[in-house]
Amino acid sequence: MTGALHLPVRLQVAQEQEIDLDAINRHTLEPVTADDIFTFSGVCSNDRLDSYFTRMDPVTTLRNYAADLNNGVSLLGNHNIYTAPFGRSYGGQLIQDDTDNANAVRGDWYILKGVKINGESTDDTIRAIKAGITRDMSVGFSDESYRCGSCGRDLWDWECPHIPGLEDENSRMSFAWIENARLREVSTVYKGATPGAYIDKARAYVQQGELEENKIAKLEQRFQTRFERKDGAAFLCLKGRITKI
C-alpha cells in the first residue's frame, strides 16, 4: 500500500530527562549544547488494539519504528511534508508498557531553542508543550501490509472474509495486524486518517452486495465514510433506524 497513514499518540514530557548529547549530535552539522535544545520523550506506538481496529505487529512494525527513531525522524506540524521540520528524533527503543505489559516504542525528540521555523517561534512551541497545550501527536507510516487477526491471511486475500470492525464467525471483533511498516514522520498536530486498506475492501464487498445493510451502516458510523451500494441507493441511519432515501 502506498502513501502515509497517521495514527494518534499522546506526548509525554520527561521533566528530568537526561539529555544524550552524543546521540543528538549525530544528527547535527555543528555540535549543540544542552542549553541550545529542549528535549521530550513519549510512547509513540504499541501493539494494543486501536480505534481503527488495527494492531501494530511487535516483531516487524514496532522494531522498525524503534530503528527509524534512532536513525532520526522529522518532527512536523500537521503532517505537512512541504514545510521544514522543527524537531527531530534522536532515540527509540522497544519497551514493555507498564500499563498492561503491551509491547511499545518510546521515542526521544529534540527542538532547537530560539529560532523561527515556518514563521513560528520554536520557543512558543516549547512553551506550549511544557504547559500541556500541545499534547496530542500523530505518527505517519508507510510501506505497511495488513494481516487478518481472525484467519491470519493477507487482508487482501479474497479467501479472507473478515473486515476489521465487524464480528467474525466466532463472534469476535475482527482486526488487522499492521506489519512491516516504516515510520516516516511524527507531527505535533493530530490529524488522524483511517487506514484505508480494509475500507477499500469493505467498499468492494458493499458494491458486490456481499454485506448486510446493518453491517454497512455500522462501518459507516465507525469510520465516518459512506459506501455506495450495489444498486446505487443511499441510506440514512437515524436513531438506529435505517431508511432508504
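**View 1. Glu18 is exposed, with a relative accessibility of 72%.** Here exposed means over 50% relative accessible area, buried under 20%, and partly exposed in between, for a 1.4 Å probe and protein chains only. The model is predicted: local features need pLDDT of at least 70, side-chain atom pairs count only at pLDDT 80 or more, and totals for chains, interfaces and linings use all residues. Residues are numbered from 1 along each chain as its sequence is written, and side-chain values use heavy atoms, with hydrogens and water left out. Glu18 sits in the loop between strand E1 (5–10) and helix H1 (21–25). Helices (H or I, at least four residues) and strands (E, at least two) are DSSP runs, numbered from the N terminus. From Glu18 to Thr39 the C-alpha distance is 9.1 Å, with the two 21 residues apart in sequence.

**View 2. Helix H3 (residues 122–130) has buried residues at Thr122, Thr125, Ile126, Ala128 and Ile129.** They lie on the same side of H3 because they cover an arc of only 160° around the axis; the arc is that of the directions from the helix axis to the C-beta atoms. Arg127 and Lys130 are exposed, on the face of H3 turned away from its buried side. The buried residues pack against strand E2 (37–46), strand E6 (103–112), strand E7 (116–117) and strand E8 (120–121), where contact means heavy atoms within 4.5 Å.

**View 3. Ser121 caps the N-terminal end of H3.** One of its side-chain oxygens is 3.1 Å from the backbone nitrogen of Asp123. After H3 comes Gly132, with a positive phi near 80°.

**View 4. Three strands make up an open, mixed sheet in the order E3-E11-E10.** Strand E3 (54–56) and strand E10 (145–148) are the edge strands, each pairing on one side only. Two strands pair if DSSP finds at least two bridges between them. The pairing of E3 with strand E11 (residues 176–179) is parallel and runs over three bridges. Arg55 has Trp177, in E11, as its bridge partner.

**View 5. The whole structure holds zero disulfides.** A disulfide is counted when two cysteine sulfur atoms are within 2.5 Å. The closest cysteine sulfur to that of Cys148 belongs to Cys160, at 3.7 Å, which is too far for a bond. Cys160 is likewise in no disulfide, and its nearest cysteine sulfur, that of Cys151, is 3.7 Å away. Cys148 is buried, with a relative accessible area of 1%; Cys160 is buried at 0%.

How values were computed
Polar contact = N/O pair within 3.5 Å; in protein donor to acceptor, adjacent residues only side chain to side chain.
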